[in-house]
Amino acid sequence: MCDCAPQTSDVDEHVLPNSADVVPPGVPVAVPMAVEDGSPGAQGTSGTNADAPDPQPLRPCRPDFRDGCYQITIRPTLGSFQSTVGTLRVDREAPSAGADGVIISGDLYREPTPVAQPVADTPAIPGAAGESVAAAASRADGPSPFLRRRIPIFPRDQYRSYLKGTRLVVPGSTAPGQPCQVTLDVDEFGYTQPSAGSFQGAFPTTPSRSLRFVLKQVPGTVPTPISSGPRFEGRVLEGGIDRGSVTLSWVSSFLRRAVLEIDTLKGAVAPAPVPNAAGTGTEFFDTVYATARWQLTIDRVEGQTEVPVPTGVDPGACWSPADLHALMSSVRKPGTDLDAEWRTHLVVVPATMGCSRGVMYDQIGVPREGSASFSDDGYPSSNSPNFGTAANQQQRNVPRAYLRSATHEVTHAFNQIHQETETAPDNSIMTTTPSVADVLGGPTTGAPGVFPDQINLGFNTTVRNHLAHMPDPVVRPGGWPFGGWFPAGAPQASDRNLFYPSELEFEVSAETERAPLGAPVTVSWKLTNTSGADLVVPDDLRMEALYTTMSSRDESGEERPVRPFVITCEGAKLAPLEPGGSLEADYRVFWSSDGFPLERPGRHTVTVTVAWSAGGVPVGVTGSCEIWVDRPTSDAENRDAALAMHPDVGKWVVLGGGAYHLEEAVARLRTLDGGGSRSTDADAGERSRVADTFSELELMPDGRTA
């Protein structure tokens, strides 16, 4: 498991106070720091000499170290370190940075990957999708036909390190004969790439090294009609030793870019732009993400608006996880290359009231590729008494709330979690819909015109800074599994305040104390209010609702998170639990995007934690149980464990079966059910405890095909 304890280091006088998140993520993330004026005398002097000659007048020095994304290239001194390319984000607009602060972060990728030079993007003027550069430049009704350069995208397997800015000095003037230089100090965190079959690598808890970039602004080299921003060249120093050259080329006022593909099933209605609060324009996915300084492009060329209904599926009923996963697997843009673009996929289906407003899958083919929104579900009064005029309405009839809900699911796909867990419920995108209604309406009013009219289509400071400054592998689609940066299992005492058993009792148990290797095991938990007063707790303890986390530790001490595969969380919120009242949930432990938690014989300790925020204070309960995994006792058990422990079989299990589009899973389970009938071994035809477990759980496929 990631070491998710807060990063500790010596106090840095350049870091602004109170800039850390309430719950620090388990990855390095840049924080606000002051921008220093490097002009002579700007930092004060210790005294003056009356006999000294009059100082020469200073000359203006105002390098254009502007906000936005820079392409960074580092060329090493021979034999020093490997050449790298990447992006550097300079962010003075972060709300937590204050008037005189900045957050600077960056990501470096290895060569010999060809350096992605800034290239012409689509015209920086309004135009039709797919319009050629020549046509855009020739239109008589258009403004200046200059083009913007693009934020570069690099292959995931070439990722090398994260840069965390720690000091920035930008002079306003300099003494005659002295260079006009920008000085940027960064901590570099080297990245360990994921092992085979995994998607989550690792960062160290302390910097791998500290670097200083000494930069001088130079004329841009990109010819017109490409719109050229400032360019800096300089040296990289480590402990005063010259390690090579560095070049920064400004490419965009945005910090990151991504594509949202929207596909709509026949009979469904997709979210649409809504009027902004000022009445001067509209808000949509792209404007919401612009508040986090992301350039989000809506794919209207490739997106489909009349996707056929899959055979045998009732689109107006609650969708099974398997049917929806199959649809999402089949309709996403063919040939999508997540190493060339950050692309996520939103599928819109009708469904019906009471299913869920949306869902996100931790994997389609790789982590966080897509999510879904349900246009005919909506705002049942059972979810909240504060839905106002939206109460019991379908999402398609409440456009502002619908766009908020769909954006919530899309942001899960960029690896962001609920604010009820990380900070506190508020009127922002990553708070669940019922909690937003409760925040707006108060505990009893639900006044018309509050929800949905006063919904804020924006991110709070915590999520905004995560989106802008978390490392690339954590937020980009196809990177880390969902929630991989957030702690799972037992919290550290410094991370979260735990209730006493006399206040909240938390019981965790497994359906069996012993299981054969390769068999799913259901773990259950129960939360009971043992105090004499109502206590506010999560009203949904399912793993899929994201308040509950789980991990499994084997006898060697290795701990593996167990993460939910299907994220169905939009109905969950914090609510009072009366004295003596109980809530229960369970989860079938077998596979997640972190692998098989019970993949080794021996004792496994499964820890379950329910965590939330009470008035901004992180609180929770935790408990554990033990499961003994038996070694195979026969060739048949050994054979069947090997058949079952495959990622596609894992997906079949966590989808609840019926996922016939997972052809490898179907083939393996039919072989398992037939006692290894496809095998030539002598034990073919012999059934094992593994096969019996799958049959008892009704997880064997029938005669259907995809």
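A disulfide is taken here as a pair of cysteine sulfur atoms within 2.5 Å. The model is predicted, and it holds two disulfides. With the bonded cysteines of the chain numbered in sequence order, the pairing is 1-2, 3-4.

| Disulfide | S to S |
|---|---|
| cysteine 61 to cysteine 180 | 1.7 Å |
| cysteine 318 to cysteine 355 | 2.0 Å |

The link of cysteine 318 and cysteine 355 is left-handed, with -95° about the S-S bond. Cysteine 318 lies in the loop between strand S17 (294-299) and helix H3 (321-331), and cysteine 355 in the loop between strand S18 (343-349) and strand S19 (358-363), so the pair ties together parts that are 37 residues apart in sequence. Cysteine 318 is partly exposed at 46% relative accessibility; cysteine 355 is also partly exposed, with a relative accessible area of 24%.

For cysteine 61 and cysteine 180, the torsion about the S-S bond is about 90°, so this disulfide is right-handed. The pair links distant parts of the chain, 119 residues apart: cysteine 61 is in the loop between strand S2 (59-60) and strand S3 (68-76), and cysteine 180 is in the loop between strand S9 (173-174) and strand S10 (182-190). Because its relative accessible area is 1%, under the 20% limit, cysteine 61 counts as buried.

Helix H6 (residues 433-441) has the buried residues Thr433, Pro434, Ser435, Val436, Ala437 and Gly441. These pack against helix H4 (399-413), helix H5 (419-422) and strand S29 (574-577). Just after H6, glycine 442 adopts a positive phi of about 80°.

How values were computed. Residues numbered from 1 in each chain as written. Predicted model: local features only at pLDDT ≥ 70, side-chain atom pairs only at ≥ 80, totals over all residues. Heavy atoms only, no water. Buried < 20%, exposed > 50% of the residue type's maximum accessible area, 1.4 Å probe, protein only. Helix = DSSP H or I, 4+ residues; strand = E, 2+ residues; numbered from the N terminus. Contact = heavy atoms within 4.5 Å.
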